[in-house]
Amino acid sequence: GYFKHALAFTGSQDKKKNKYLTKIQLKDSQKQYVKSDHNIIEANSDGVRTSNIDSYLNGYANRIIAFRPKLEENEIKIILKNLYSFLGFDYDFDFDLTSGEKQACSEIIYRSYNGMGNIDIDLEQVLGATTLSGDKLLDYFINDGNSKLLFLAVENDKKPYKAKIYEESDALNYIKLNVPN
(Lines give C-alpha, C1' and ligand atoms only; values in the text may rest on other atoms or scores of the structure.)
Protein backbone atom coordinates (compact mmCIF):
# COMPACT_ATOMS: atom_id res chain seq x y z
CA GLY A 1 0.00 0.00 0.00
CA TYR A 2 0.90 3.65 -0.28
CA PHE A 3 0.53 4.30 3.46
CA LYS A 4 2.20 1.44 5.29
CA HIS A 5 2.01 2.57 8.92
CA ALA A 6 -0.58 4.02 11.29
CA LEU A 7 0.02 5.80 14.58
CA ALA A 8 -1.84 8.03 17.01
CA PHE A 9 -0.76 11.54 17.91
CA THR A 10 -1.22 12.09 21.66
CA GLY A 11 -0.06 15.69 21.94
CA SER A 12 1.77 17.32 24.83
CA GLN A 13 2.39 15.09 27.83
CA ASP A 14 1.95 17.93 30.30
CA LYS A 15 -1.33 17.10 32.07
CA LYS A 16 -1.80 20.79 32.87
CA LYS A 17 -1.72 21.60 29.14
CA ASN A 18 -3.39 18.43 27.82
CA LYS A 19 -6.71 17.87 29.56
CA TYR A 20 -7.27 14.65 27.62
CA LEU A 21 -4.64 12.78 29.62
CA THR A 22 -6.46 12.94 32.94
CA LYS A 23 -7.78 9.35 32.70
CA ILE A 24 -4.42 7.77 31.84
CA GLN A 25 -3.09 5.42 34.49
CA LEU A 26 -0.19 3.22 33.49
CA LYS A 27 0.69 -0.10 35.08
CA ASP A 28 4.26 -0.27 36.41
CA SER A 29 5.04 -2.81 33.67
CA GLN A 30 4.01 -0.28 30.98
CA LYS A 31 6.13 2.64 32.14
CA GLN A 32 9.28 1.28 30.49
CA TYR A 33 7.62 1.76 27.07
CA VAL A 34 7.03 5.48 27.57
CA LYS A 35 9.54 8.07 26.34
CA SER A 36 9.42 11.30 28.33
CA ASP A 37 9.19 13.49 25.21
CA HIS A 38 6.70 11.31 23.34
CA ASN A 39 3.73 12.60 21.41
CA ILE A 40 2.72 9.46 19.50
CA ILE A 41 1.75 5.89 20.29
CA GLU A 42 2.46 3.24 17.69
CA ALA A 43 2.85 -0.47 17.20
CA ASN A 44 6.02 -1.46 15.37
CA SER A 45 8.25 -4.54 15.29
CA ASP A 46 9.33 -3.78 18.88
CA GLY A 47 5.70 -3.80 20.07
CA VAL A 48 3.40 -1.00 21.23
CA ARG A 49 5.52 1.95 22.35
CA THR A 50 5.56 5.72 22.52
CA SER A 51 7.80 7.84 20.33
CA ASN A 52 8.11 11.34 18.93
CA ILE A 53 6.66 12.48 15.60
CA ASP A 54 9.90 14.34 14.81
CA SER A 55 11.62 10.99 14.18
CA TYR A 56 9.17 10.41 11.33
CA LEU A 57 9.34 13.86 9.85
CA ASN A 58 13.14 13.76 9.78
CA GLY A 59 13.80 10.77 7.58
CA TYR A 60 12.13 7.69 9.08
CA ALA A 61 9.02 7.70 6.90
CA ASN A 62 8.55 9.13 3.44
CA ARG A 63 4.81 9.86 3.91
CA ILE A 64 2.66 10.84 6.87
CA ILE A 65 -0.96 11.94 6.82
CA ALA A 66 -2.85 13.27 9.83
CA PHE A 67 -6.61 13.34 10.38
CA ARG A 68 -8.66 14.69 13.26
CA PRO A 69 -11.99 12.88 13.65
CA LYS A 70 -14.90 14.91 15.00
CA LEU A 71 -15.22 13.70 18.60
CA GLU A 72 -16.52 14.85 21.96
CA GLU A 73 -14.03 15.54 24.77
CA ASN A 74 -15.05 12.46 26.75
CA GLU A 75 -14.55 10.28 23.63
CA ILE A 76 -11.03 11.65 23.15
CA LYS A 77 -10.21 10.78 26.77
CA ILE A 78 -11.50 7.23 26.27
CA ILE A 79 -9.51 6.83 23.04
CA LEU A 80 -6.30 7.96 24.74
CA LYS A 81 -6.97 5.65 27.68
CA ASN A 82 -7.46 2.79 25.20
CA LEU A 83 -4.29 3.65 23.27
CA TYR A 84 -2.15 3.77 26.39
CA SER A 85 -3.63 0.46 27.57
CA PHE A 86 -1.87 -1.28 24.67
CA LEU A 87 1.63 -0.20 25.76
CA GLY A 88 3.86 -3.23 26.09
CA PHE A 89 1.83 -5.50 23.81
CA ASP A 90 3.89 -7.51 21.31
CA TYR A 91 3.64 -6.71 17.61
CA ASP A 92 1.16 -8.70 15.52
CA PHE A 93 3.28 -9.86 12.59
CA ASP A 94 0.25 -11.81 11.27
CA PHE A 95 -1.82 -8.59 11.02
CA ASP A 96 -4.84 -10.59 12.21
CA LEU A 97 -7.39 -8.50 14.09
CA THR A 98 -9.44 -11.47 15.27
CA SER A 99 -7.17 -11.85 18.29
CA GLY A 100 -6.22 -9.03 20.65
CA GLU A 101 -3.16 -10.77 22.13
CA LYS A 102 -0.77 -8.85 19.86
CA GLN A 103 -1.24 -5.51 18.10
CA ALA A 104 -0.38 -4.23 14.63
CA CYS A 105 -0.19 -0.50 13.95
CA SER A 106 -3.63 -0.22 12.38
CA GLU A 107 -5.04 -2.53 15.06
CA ILE A 108 -4.44 -0.08 17.93
CA ILE A 109 -6.12 2.62 15.85
CA TYR A 110 -9.09 0.36 15.09
CA ARG A 111 -9.49 -0.91 18.68
CA SER A 112 -9.16 2.60 20.15
CA TYR A 113 -11.22 4.69 17.69
CA ASN A 114 -13.84 2.38 16.20
CA GLY A 115 -17.25 2.99 17.74
CA MET A 116 -16.35 6.45 19.06
CA GLY A 117 -18.52 9.25 17.70
CA ASN A 118 -19.59 8.24 14.21
CA ILE A 119 -16.48 6.15 13.52
CA ASP A 120 -17.40 2.81 11.99
CA ILE A 121 -14.41 1.26 10.22
CA ASP A 122 -14.91 -1.94 8.25
CA LEU A 123 -12.20 -4.57 8.46
CA GLU A 124 -10.99 -6.39 5.37
CA GLN A 125 -10.11 -9.97 4.50
CA VAL A 126 -6.63 -10.38 3.04
CA LEU A 127 -5.16 -13.85 2.44
CA GLY A 128 -7.54 -15.34 4.99
CA ALA A 129 -6.75 -12.82 7.72
CA THR A 130 -9.13 -10.21 9.13
CA THR A 131 -7.01 -7.08 8.90
CA LEU A 132 -6.92 -3.34 8.28
CA SER A 133 -4.40 -1.63 6.03
CA GLY A 134 -3.11 1.92 6.23
CA ASP A 135 -4.67 2.57 2.84
CA LYS A 136 -8.06 1.38 4.11
CA LEU A 137 -7.75 3.79 7.07
CA LEU A 138 -6.85 6.59 4.65
CA ASP A 139 -9.89 5.81 2.51
CA TYR A 140 -12.15 5.74 5.56
CA PHE A 141 -11.02 9.04 7.10
CA ILE A 142 -10.97 10.90 3.76
CA ASN A 143 -14.52 9.81 2.98
CA ASP A 144 -16.27 9.63 6.37
CA GLY A 145 -17.48 13.25 6.22
CA ASN A 146 -16.58 13.87 9.87
CA SER A 147 -12.78 13.94 9.90
CA LYS A 148 -10.56 16.89 9.08
CA LEU A 149 -7.39 16.32 7.08
CA LEU A 150 -4.76 18.24 9.05
CA PHE A 151 -1.69 17.70 6.91
CA LEU A 152 0.21 15.42 4.59
CA ALA A 153 3.99 15.22 4.93
CA VAL A 154 5.96 13.65 2.09
CA GLU A 155 9.60 13.18 1.38
CA ASN A 156 11.08 16.34 -0.11
CA ASP A 157 13.03 15.38 -3.24
CA LYS A 158 15.05 18.60 -3.11
CA LYS A 159 15.89 18.42 0.62
CA PRO A 160 16.62 14.87 1.81
CA TYR A 161 15.39 14.06 5.34
CA LYS A 162 13.15 17.14 5.36
CA ALA A 163 9.43 16.76 4.87
CA LYS A 164 7.34 18.77 2.44
CA ILE A 165 4.07 19.64 4.17
CA TYR A 166 0.73 19.91 2.34
CA GLU A 167 -2.42 21.12 4.10
CA GLU A 168 -6.14 20.76 3.39
CA SER A 169 -6.95 21.08 -0.34
CA ASP A 170 -3.28 20.84 -1.37
CA ALA A 171 -3.03 17.57 0.56
CA LEU A 172 -6.18 16.21 -1.08
CA ASN A 173 -4.88 17.16 -4.54
CA TYR A 174 -1.56 15.42 -3.83
CA ILE A 175 -3.42 12.28 -2.74
CA LYS A 176 -5.65 12.30 -5.84
CA LEU A 177 -2.63 12.65 -8.11
CA ASN A 178 -0.28 10.21 -6.35
CA VAL A 179 -2.17 7.56 -4.38
CA PRO A 180 -3.47 4.57 -6.34
CA ASN A 181 -7.26 4.05 -6.18
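This is a predicted model: local features need pLDDT of at least 70, side-chain atom pairs count only at pLDDT 80 or more; totals for chains, interfaces and linings use all residues.
**Stop 1: Leu127.** Select β5 (124-126) and β6 (129-131), then look at the loop between them, where you will find Leu127. Is Leu127 buried or exposed? Leu127 counts as exposed because its relative accessibility is 90%, and the cut-off for exposed is over 50%. Its backbone deserves a look too: phi of Leu127 is near 50°, a positive value in a residue other than glycine.

**Stop 2: the loop between α2 and α3.** Next, select Phe95, which lies in the loop between α2 and α3. Here is another non-glycine residue with a positive phi, this time near 55°. Phe95 has a relative accessible area of 37%, so it is partly exposed.

Stay in that loop and select Asp92. Asp92 is buried, yet it has no salt bridge. Which side chain of opposite charge is nearest to Asp92? That is Arg111, 6.5 Å away, while a salt bridge needs the charged atoms within 4 Å. Show the contacts of Asp92 as well: setting aside neighbours within four places in sequence, they are Lys102, Gln103, Ala104 and Glu107.

**Stop 3: helix α3.** Now select residues 105-113, which make up α3. How many of its nine residues are buried? Eight of them are, so the helix is mostly covered, with buried meaning under 20% relative accessible area. Among the buried ones are Cys105, Glu107, Ile109 and Tyr113. To see what the buried residues pack against, colour β1, β2, β3 (47-51), β4 (63-69), α2 (73-85) and α4 (134-143). Just after α3, click on Gly115, which takes a positive phi of about 95°.

**Stop 4: His38.** Move to the loop between β1 (7-9) and β2 (40-44) and select His38. With a relative accessibility of 5%, His38 counts as buried. Beyond residues up to four places away in sequence, His38 touches Thr10, Gly11, Gln13, Thr50, Ser51 and Tyr84.

**Stop 5: a charged patch.** Finally, select Lys158, Lys159, Lys162 and Lys164, which form a positive surface patch. Lys158 sits in the loop between β7 (147-155) and β8 (163-166), and it counts as exposed, at 77% relative accessibility.

Conventions:
Residues are numbered from 1 along each chain as its sequence is written. Side-chain values use heavy atoms; hydrogens and water are left out. Patches are made of residues with over 30% relative accessible area and no salt bridge: like charges are joined within 9 Å, nonpolar side chains (Val, Leu, Ile, Met, Phe, Trp, Tyr) within 5 Å. Accessible areas come from the Shrake-Rupley method with a 1.4 Å probe; for residues, only the protein chains shown count as cover. Lys and Arg count as positive and Asp and Glu as negative; His and the chain ends are not counted. The place of a charge is taken as NZ of Lys, CZ of Arg, CG of Asp or CD of Glu. Helices (H or I, at least four residues) and strands (E, at least two) are DSSP runs, numbered from the N terminus. Buried means under 20% relative accessible area, exposed over 50%, partly exposed in between (1.4 Å probe, protein chains only). Contact means heavy atoms within 4.5 Å.
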